[in-house]
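Hello,

Here is the structure I promised to pass on to you. Please open it first, and then read on with the viewer beside you.

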Amino acid sequence: LISIIIPVYNGENDIGRCLESITKQTYQNIEVIIIDDGSTDASPAICNRIAKQNKRVKVIHQSNQGPIVARLNGANALRTQYISFVDGDDWIKTELYSDIVKSGYLGKADIIDFGIIRYHSENDMRNDNGIFKAGLYEKNKMIKEIIPKMLWYKSSYGLDPSICSKIIKRELFIAQIKAIKDLKIHYGEDAAAIYPMVLNAQNIAIIGRCY
């Protein structure tokens, strides 16, 4: 079972497409928890309707507390070993979780990283895989190859800080989020979590494909 956390704040124009891309995954052993972070538009009604139609989808409504707290509350509401994240204005390829299961890294890796498709329009999309070769990096290899280049390499990130391009062991995620001193960050909040998380991980798997 893979759990997917979706924080939503006033995302009525995008949340439908987002949820469709998740509920149509070729790998079906998933559960979805939507954290409605105090939306004032039609997002709560859309999420409630989809949850009624699909028993794998649940919705938690809360007052506006920001994306970090929303993700933490979602993680605390779950009991699976691994959690994944999709923002309410993103959507994913239908084979993402099937490919992750086939990779064999579940149960082995603390963090599983995959690439992002930078979408501007149907005619303007760019695959961003980062700089690291696919494979499993144990601690010693991480220290030598990933950590020195993860913040910045040449002109960009070495390891993209986006939480949405990671599958993470739930306990590691919760421990690192609780260590962040300011949970109300709204800019760079992913980097505040991911880079310390990598430092505390025993290994990381790089998939090398974009989803």
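Below is what I found, grouped by region. Please bear in mind that this is a predicted model.

**Salt bridges**

Across the whole structure, the search turns up nine salt bridges.

K169 pairs with D110, and here the closest N and O atoms are 3.5 Å apart. K169 sits in strand β8 and D110 in the loop between α4 and β5, so to speak two distant parts of the chain, 59 residues apart. K169 counts as partly exposed because its relative accessibility is 22%, whereas D110 is buried, with a relative accessible area of 12%.

In another pair, D128 meets R118 with 3.2 Å between the closest N and O atoms. D128 belongs to strand β6 and R118 to strand β5, ten residues apart. D128 is partly exposed at 23% relative accessibility, and R118 is partly exposed at 26%.

E189 is found in helix α7 (residues 189-200). Beyond its neighbours within four places in sequence, E189 is in contact with P67, I68 and R71.

S43 is found in helix α2 (residues 43-53) and counts as buried because its relative accessibility is 1%. Its side chain reaches the backbone nitrogen of E12 at 3.0 Å. Setting aside neighbours within four places in sequence, the contacts of S43 are V8, N10, G11 and E12.

N10 deserves a look of its own: its phi is positive, about 50°, although it is not a glycine. N10 lies in the loop between β1 (2-8) and α1 (15-23) and is partly exposed at 31% relative accessibility. K154 likewise has a positive phi, near 65°, in a residue other than glycine. K154 is in the loop between α5 (139-146) and β8 (166-169), and counts as exposed at 70% relative accessibility.

**Helix α4**

Which residues of helix α4 (residues 96-103) are buried? They are L96, Y97, S98, D99 and I100. Their cover includes β1, β4 (82-85), β5 (111-121), β8 and β9 (203-210). After α4 comes G104, with a positive phi near 80°.

**On the surface**

Finally, W91, Y119 and M125 make a nonpolar surface patch of about 270 Å². M125 is found in strand β6 (residues 124-128) and is partly exposed, with a relative accessible area of 46%.

Happy browsing, and do write back with any questions.

Best wishes

Terms used. Residues numbered from 1 in each chain as written. Heavy atoms only, no water. Helix = DSSP H or I, 4+ residues; strand = E, 2+ residues; numbered from the N terminus. Contact = heavy atoms within 4.5 Å. Buried < 20%, exposed > 50% of the residue type's maximum accessible area, 1.4 Å probe, protein only. Patch = residues over 30% accessible without salt bridge, like charges linked within 9 Å, V, L, I, M, F, W, Y side chains within 5 Å. Areas by Shrake-Rupley, 256 points an atom, 1.4 Å probe, with all protein chains shown as cover. Salt bridge = Lys/Arg side-chain N within 4 Å of Asp/Glu carboxyl O. Polar contact = N/O pair within 3.5 Å; in protein donor to acceptor, adjacent residues only side chain to side chain.
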